[in-house]
Amino acid sequence: TQYRDILAASDGKTYFGGGDGSIYTGTYGALTISNTTSLTGPIDGMAEYKGYMYYAQDTTIGRFDLTSTWTNSWQSSLSDYPHRPHVASDDKLYFSNGQYVAQFDGTTFDATSLDLSAGWIVNDITDFGSAYLAIGATFYAGVDKPTSSRVFLWDKTATSWVDEIYVPEKNIHALDFSAGYLWIWAGQTANAYVVPDGSRKATKMIDFQTESEGSLIVYPGAVTHRDGKIYFGLSDSGVAGDVNDPIHPQSPTGIYEIPADPNNFKLNIIYQDDAQVNKYYSLAHIVTSELVNGLYYCKYFYEGAGWNTNILRETTSGNNESLYNAYGYAESFEYEAPANRRINTEVFGLEYEPLPAGTLVGLEYQVDNDGTWTSVIEDQLDNSVETLTRKSVQARTLKLRVRMLGSAAAKSYLRPFIKRVFVTGNLIYRNA
């Protein structure tokens, strides 16, 4: 099954909401069913609030006392849309509920606490500072026909929303508020926007591209933050039939990391797979005896002849990232000289943030598609920030390749960050 949401509860257990309507618990690699509802549809949201775990499914919200009692239809007759939960800064529990926002204060449940009006569907909810609830919503002109999106701001007491943030996309995917910034994923390719607390202007920070006809998605359960960083899973809309499309595997799906503060923006991909179709429904930071800062995520993918599900884990702690111990390579596109000209290089260069202890970074080049990579910058020393090499190379085409290794040791969690790769020179005539 797909695991649509992950919750680390106060009873010391980790719960996984299944696409088959069951809730699983256990340790990494050994999950067992804790509860199976008689309802159809996936468990599409879970949250802990005042000693209970709440879980959403189909048109109901269930409740578990974290001991033994499961009440699968604690609330029923809700809208037939996913019910994303959020415990807000006012210590109330909110759920998306179609065109409504539902509210629970520990005593009274109000399924229609806020009404956005017909046509709007709430996709995700989070805080926007301490004063507002940010409500990411999409307007539908018909079934599966999104036409516009907004982030509505609600003070959690008024009968209507009080302000809005315009997002220039047709639909909202997910929201996350961290370190004073609201992050929004929206549109056909799940572009990422950011809004500072107090502002109403959304600035695009990531513009994902895909060469296939499918779309890219960031599921609401596949976003989390910790220690000033935001982690999100980028999925595609592919189905089994797409594996016959030769360009489909070029989709940029994977697990990404960005700083919560966009003033020091970097986009780092911490996990990527070459399966034909990849969907990341959920991820969460979980502390276990094995991983002090553990990032768990569910991958649902099509490979070979069928669909598969994996639960994976990484270590994220401060500047430390996922474990790896082999060289990685990143190639540039091919630079080609105009007709009757040749490329004449003068300087090859690399710029980086100070390299962590033991990391290795180098630069190679290939000319005229000859299949041979020639090293021009050798592996660099700790704390290096820039390396320049003067070398004259004449070629019709030129391609660059950066090689990097987290550490010369057998294993490392430290990743180098390269800011710029460049070559300077000029064009000369072929007969020069």
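These exercises work through a predicted model of one protein chain.

**Exercise 1. The chain as a whole**

Task: Find how many helices and strands the protein chain has, and what share of its residues is buried.

Solution: 
- Start with secondary structure. The chain has zero helices and 39 strands.
- Turn to burial. Of the 432 residues, 50% are buried.
- Next, take the accessible surface. It comes to about 19,200 Å². Carbon and sulfur atoms account for 47% of that area.
- Last, look at sequence separation. Take the contacts between residues at least 6 apart in sequence: 53% of them join residues at least 24 apart.

**Exercise 2. Strand S7 and its faces**

Task: Decide which residues of S7 point one way and which the other, and how many of the strand's residues are buried.

Solution: 
- Locate the strand. S7 spans residues 60-64.
- Sort the side chains. Thr60, Gly62 and Phe64 point one way, while Ile61 and Arg63 point the other way.
- Check burial on both faces. The cut-off for buried is under 20% relative accessible area. Five of the five residues in S7 are buried, Arg63 included.

**Exercise 3. The partners of S7**

Task: Identify the sense in which S7 pairs with S6 and with S8, then describe the turns.

Solution: 
- Take S6, residues 52-57. S6 pairs with S7 in the antiparallel sense, over five bridges.
- Pick a bridge. Gln57 has Thr60 of S7 as its bridge partner.
- Follow the turn. S6 and S7 form a hairpin with two residues between them. Asp58, in that turn, has a positive phi of about 55°.
- Move to S8. S7 and S8 are also antiparallel, with three bridges. Here Ile61 stands opposite Gln75 in S8.
- The S7-S8 hairpin has five residues between its strands. Leu66 in the turn has a positive phi of about 65°.

Methods:
Residues are numbered from 1 along each chain as its sequence is written. This is a predicted model: local features need pLDDT of at least 70, side-chain atom pairs count only at pLDDT 80 or more; totals for chains, interfaces and linings use all residues. Side-chain values use heavy atoms; hydrogens and water are left out. Helices (H or I, at least four residues) and strands (E, at least two) are DSSP runs, numbered from the N terminus. Buried means under 20% relative accessible area, exposed over 50%, partly exposed in between (1.4 Å probe, protein chains only). Contact means heavy atoms within 4.5 Å. Accessible areas come from the Shrake-Rupley method with a 1.4 Å probe; for residues, only the protein chains shown count as cover. Two strands pair if DSSP finds at least two bridges between them.
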